[in-house]
Amino acid sequence: MTAIIARTLGIGISKDRLDVHLLPEGPERQYANDASGLRELIRWLAPLAPARIVYKGCRWQK
């Protein structure tokens, strides 16, 4: 039996950027964490219609 994985978007949120990964297809993208970046993310995401969106706040250490 083959399991069907629902299209899921994961978003890592940091102060400066949004790291996104679409499963099961796998494209990864980065957007600025500002109004312009959010508009770009929505434009890219709208036709993909993921079943769920999960997010996590990230704090990057330098």
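Biologist: How many helices and strands are in the chain?
Modeller: The chain has one helix and four strands. These are DSSP runs, numbered from the N terminus: helices are H or I with at least four residues, strands are E with at least two. This is a predicted model, where local features need pLDDT of at least 70, side-chain atom pairs count only at pLDDT 80 or more, and totals for chains, interfaces and linings use all residues. Residues are numbered from 1 along each chain as its sequence is written, and side-chain values use heavy atoms, leaving out hydrogens and water.

Biologist: In what order do the elements run from the N terminus?
Modeller: They run β-β-β-α-β.

Biologist: And what's the strand order in the sheet?
Modeller: The order is β3-β2-β1-β4, in an open sheet with mixed pairing. Two strands pair if DSSP finds at least two bridges between them. The edge strands are β3 and β4 (52-57), and each pairs on one side only. From one strand to the next, the twist averages 20°.

Biologist: Are β2 and β3 parallel or antiparallel?
Modeller: Antiparallel, over five bridges; β2 covers residues 17-23. L18 stands opposite Y31 in β3.

Biologist: Where does the helix go?
Modeller: Helix α1 packs on the sheet and touches β1 (8-13), β2, β3 and β4. Contact means heavy atoms within 4.5 Å. The direction of α1 makes about 150° with that of β3. Axes are lines fitted to C-alpha atoms, for helices over the stretch in contact, and angles run from 0 to 180 degrees between N-to-C directions.

Biologist: Switching to aromatics. How many pairs are there?
Modeller: One aromatic pair. The rings of Y31 and W44 have centres 6.4 Å apart and planes at 40°, so the pair is tilted. The rule takes rings of Phe, Tyr and Trp (its six-membered ring) with centres within 6.5 Å; planes under 30 degrees apart are stacked, over 60 edge-to-face, and the rest tilted.

Biologist: Which elements does the pair link?
Modeller: Y31 is in strand β3 (residues 28-32) and W44 in helix α1 (residues 35-45). The two residues are 13 apart.

Biologist: Is Y31 buried or exposed?
Modeller: Y31 is buried, at 7% relative accessibility. W44 is buried as well, at 15%. Buried means under 20% relative accessible area, exposed over 50%, and partly exposed in between (1.4 Å probe, protein chains only).
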